[in-house]
Amino acid sequence: MKKSVFLGTLAASALLAGAVSAQTLAEVQERGSLNCGVTTGLTGFAAPNAEGEWEGFDVGVCRAVAAAVLGDPSAVEFVPTTGQTRFTALASGEVDMLARNTTWTFSRDVDLAFEFTGINYYDGQGFMVPRELGVSSALELDGATVCIQTGTTTELNLADFFASNNMSYEPVPIETNAEAQQQYLAGACDVYTTDASGLAATRATFEDPAAHVVLPEIVSKEPLGPLVRHGDHEWGDIVRWTLNALITAEELGVTSANVGEIGGSTENPEIKRLLGTEGELGAMLGLEADWAANAIAAVGNYGELFEGNIGESTPIGLARGLNAQWTDGGLLYSPPFR
C-alpha cells in the first residue's frame with residue numbers, strides 16, 4: 001500500500017495530467033459525483049460491505065469531500081486500484097483523487113507530479129507471521145519467504161531492512177491484499193509485510209486472528225494521505241481543507257451529533273469560521289458556506305471516523321498512538337481556520 005517505482009511511464013502521464021486536472025472542481029460539480037480511487041479492499045479502511053456499499057476510514061475521506069463539494073456524501077463513484085494502477089488512474093483523470101493509504105514520498109510528490117493534501121494516518125511497515133513459527137522479532141527472519149505487494153515502496157523497505165541486518169529472504173510477489181491474505185494463509189510465504197495498520201486490518205479478517213503475530217519492529221515511516229494531481233491547486237485546497245476540517249472539528253469538540261446547532265450557539269470564533277456561520281472561508285474555496293459542516297455531519301470528526309472504523313473498539317483494534325491530537329501527545333495537527 002505504498003508507492004510504485006515505475007517513474008518513467010508516469011512522468012509522461014503527469015505531463016498530460018495538467019490539462020485534465022485544471023478544472024476538476026467544475027467537472028465534479030457538473031458530473032454530480034466524485035470519482036475516488038481506493039484500494040481493492042482492506043477491511044476498516046476501504047472495502048464493500050455485504051450489501052456492496054463501500055465503507056471504511058479512507059472511504060470516509062472520499063465521502064467527506066463529496067459532502068463538502070456536492071452536499072451529498074453518497075455522490076461518490078469508488079474506483080478500486082492496486083499498487084500498480086493507482087497512479088496511472090490519477091494521472092489520466094480516471095479518478096479525481098486517491099484515498100487509499102498511499103505513502104507521501106519525495107518521488108511521488110516531485111517526480112510523479114502529485115500533490116499530497118495532508119496526512120490522515122501516520123503508519124510504518126511491519127511484519128506478520130504465524131504464531132506457530134515461534135518468531136518474536138523480525139531479526140529472526142533470515143531465510144524467510146515474504147509475501148510482498150508489487151509496485152510499492154514496501155519492496156524497497158524490505159530489501160533495505162534485510163540488507164542492513166545481513167539477512168536474506170525470498171520474495172513472493174502479490175498484487176492485492178486479498179491475494180496476499182490467500183497466499184499467506186496457504187503457507188506460500190512465512191511472512192506478510194505491509195503497513196502495520198494493514199496487517200492489523202488483514203489479521204482481523206482471519207478465522208483465528210490470535211494464531212498470527214504482528215512483530216514489534218516498525219522499519220519505516222509511512223505517512224499516509226489523500227492526493228491529487230499537480231497543477232490543480234483549487235481542487236487540492238478543497239481536499240486538503242476538508243481533511244483539516246475533520247481534524248479541527250475533533251480538537252474543538254464539533255461532532256456529527258452537534259454540528260447542526262453548535263455553530264449558532266458557540267462563542268468560539270474558530271468554530272464559527274469552520275462551520276460557516278461567520279466569515280467567508282467557503283467562498284474562498286468556491287464552495288457553500290456550510291461545506292465543512294456538511295463534511296462533518298456526513299462522516300463525523302476525525303476521532304469519530306477513526307474510532308468507528310479502525311479504533312480499539314473495532315475488530316481492527318488500532319490505538320490512536322501517533323494519530324492522536326497534538327494536544328494528546330500525537331502528531332495530528334491542522335493549520336488554523338482563519
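**The disulfides in detail**

Guide: Please bear in mind that the model is predicted. A disulfide is a covalent bond between the sulfur atoms of two cysteines. The search of the whole structure finds 2 disulfides. When the bonded cysteines of the protein chain are numbered in sequence order, they pair as 1-2, 3-4.

Let us begin with Cys36 and Cys62, which form a disulfide with their sulfur atoms 2.1 Å apart. The angle about the S-S bond is -65°, and the link of Cys36 and Cys62 is left-handed. This pair links distant parts of the chain, 26 residues apart: Cys36 belongs to strand β1 (residues 34–39), and Cys62 to helix α3. Both Cys36 and Cys62 are buried.

The other disulfide joins Cys147 to Cys189, with an S to S distance of 2.1 Å. Here the torsion about the S-S bond of Cys147 and Cys189 is about -100°, so this disulfide is left-handed. Cys147 is found in strand β9 (residues 144–149), while Cys189 sits in the loop between α7 (177–185) and β11 (191–195); the pair therefore ties together parts that are 42 residues apart in sequence. Both Cys147 and Cys189 are buried.

The largest nonpolar core has 58 residues, among which Met97, Trp235 and Leu275 touch the most other members. Helix α3 (residues 57–70) gives the most to this core, with 9 residues. The axes of α3 and helix α13 (residues 291–299) come within 7 Å and cross at roughly 145°, and the crossing of α3 and α13 is right-handed.

Terms used: Residues are numbered from 1 along each chain as its sequence is written. This is a predicted model: local features need pLDDT of at least 70, side-chain atom pairs count only at pLDDT 80 or more; totals for chains, interfaces and linings use all residues. Side-chain values use heavy atoms; hydrogens and water are left out. A nonpolar core is a set of buried Ala, Val, Leu, Ile, Met, Phe, Trp, Tyr and Cys residues joined through side-chain atoms within 4.5 Å. Buried means under 20% relative accessible area, exposed over 50%, partly exposed in between (1.4 Å probe, protein chains only). Helices (H or I, at least four residues) and strands (E, at least two) are DSSP runs, numbered from the N terminus. Axes are lines fitted to C-alpha atoms, for helices over the stretch in contact, and angles run from 0 to 180 degrees between N-to-C directions. A crossing is left-handed if the near helix is turned anticlockwise from the far one by less than a right angle, and right-handed if clockwise. A disulfide is a pair of cysteine sulfur atoms within 2.5 Å.
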